[in-house]
Amino acid sequence: MIKLLYLRLTDSAPLIVAQEKGYFHRFGLEVQLQRETSWATLRDKLIARKADAAAMLAPMPLTLSQALPGCKERFISGLILSCNGNAITLSEDLYQRLQHYTSQETQLDIASALKAYLQKNTGTAPIRLATVYPFSSHTLQLRHWLQAAGINPDQDLQLIALPPEQMLENLHRGVIDGYCVGEPWNSLAAYKGTGVIATACNTLLPAMPEKVLAVTQSWHEANPASHLALRAALLKACSWLSARENRHEAAGILSQRHYLDLPKSVLQGSLNDQILYRRNTDIIANPGWHLFAHTDNDNGHPNEAKAQQLIEMCNDFSETDSANNQNFRSDLYHQTLDYLCTKK
């Protein structure tokens, strides 16, 4: 039995689809899916060997020594499960305040309005924006968006970390003024009128690695055959998800109470590349909001170049060892492709 961890996010779909469509069984695996609430908890359970594998934030295997300096374990990944899937959402209250500093409602103009607001309101309570983990694509995307508008994320406002499913409630209570998180927590804020999506992150940094299949080095060495079968099953599930005609069915599977327990209609939005920026506005197209791995493209390939790009972005605020790019295992990915060819 393999215990596989995930969070309550739309891009947990490959794990859930692999279970429901029988891909794990096809490759001789018995898998128990277990939902966690935070990335730190998920990380710690893998290290403590209370679980075997997880859908993990792409930068986490590259930054474990920064997050836990005393940790001797190592995370590796032989498969990128998905790219994109995130957005930056501001509270309706902050959005209304920003209207005094802008004459347009473009994504760039919202960031510029925030810059003007911060300059005009020095000495007041700081704006607090949340991401899901200190070393995450969300942190990198939010910092990129702020810096492009001339905002210093380390001086001009406060950045904090919260678990994804706590974002919406904290936005509603006014504990935070905005967040960068994965779907569907942005769309839910817009549908409820609690928040306004300032930008979908795939428009900022297209095809940025988002979730990877992660295991510890020690588990891989003890279970190479199971790890190979696990990668193969999940790559097949990702390929199924890459077919747009399957996304409607996927939303129904994910919405079930024992998986995400969230409205199918909201899950369908980002899966169908559609975005509602604000309540009572038109739903518009947002191509490529979720990109899943596929044997026919490079999205699933965890190579050193992709790892190095993430490391260099992390170096903007925390020194990260470039040698960690070895934790993205291109050799394991190619082994998976070869294995799948033998199974056709």
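# Briefing: an open sheet and its helices

Cysteine 83 stands opposite leucine 291 in strand S13. The two strands S4 and S13 pair in the antiparallel sense, over three bridges. The model described here is predicted.

- Six strands form an open sheet with mixed pairing, in the order S2-S1-S3-S10-S4-S13.
- Strand S2 (31-36) and strand S13 (290-292) are the edge strands, and each of them pairs on one side only.
- From one strand to the next, the twist averages 30°.
- Strands of a sheet pair through backbone hydrogen bonds, in either a parallel or an antiparallel sense.

**Helices on the sheet**

- Helix H3 (residues 39-47) packs on the sheet, where it touches strand S1 (2-7), S2, strand S3 (53-57), S4 and strand S10 (209-216).
- The direction of H3 makes about 140° with that of S3.
- Helix H11 lies across S1, S3, S4, S10 and S13, and H11 runs at about 5° to S4.

**Helix H15**

- Helix H15 covers residues 330-342, 13 residues in total. From its first C-alpha to its last, H15 reaches 19 Å, close to the 18 Å expected at 1.5 Å a residue.
- The buried residues in H15 are Leu332, Tyr333, Thr336, Tyr339 and Leu340.
- Seen down the axis of H15, these buried residues fall within an arc of 120°, and they therefore line one face of the helix.
- Asp338, Cys341 and Thr342 are exposed, and they are carried on the face of H15 turned away from its buried side.
- The cover over the buried residues of H15 includes strand S4 (75-84), helix H10 (217-222) and helix H11 (224-242).

**Helix H13**

- Helix H13 (residues 264-271) is mostly covered, with six of its eight residues buried.
- Those buried residues are Val266, Leu267, Gln268, Gly269, Ser270 and Leu271.
- Among the elements that cover them are helix H9 (185-192), helix H12 (247-254), strand S11 (274-275) and S13.
- Strand S13, an edge strand of the sheet, is therefore also one of the elements over the buried residues of H13.
- Just after H13, aspartate 273 takes a positive phi of about 60°.

Key. Residues are numbered from 1 along each chain as its sequence is written. This is a predicted model: local features need pLDDT of at least 70, side-chain atom pairs count only at pLDDT 80 or more; totals for chains, interfaces and linings use all residues. Side-chain values use heavy atoms; hydrogens and water are left out. Helices (H or I, at least four residues) and strands (E, at least two) are DSSP runs, numbered from the N terminus. The expected span of a helix is 1.5 Å times one less than its number of residues. Buried means under 20% relative accessible area, exposed over 50%, partly exposed in between (1.4 Å probe, protein chains only). The arc is that of the directions from the helix axis to the C-beta atoms. Contact means heavy atoms within 4.5 Å. Two strands pair if DSSP finds at least two bridges between them. Axes are lines fitted to C-alpha atoms, for helices over the stretch in contact, and angles run from 0 to 180 degrees between N-to-C directions.
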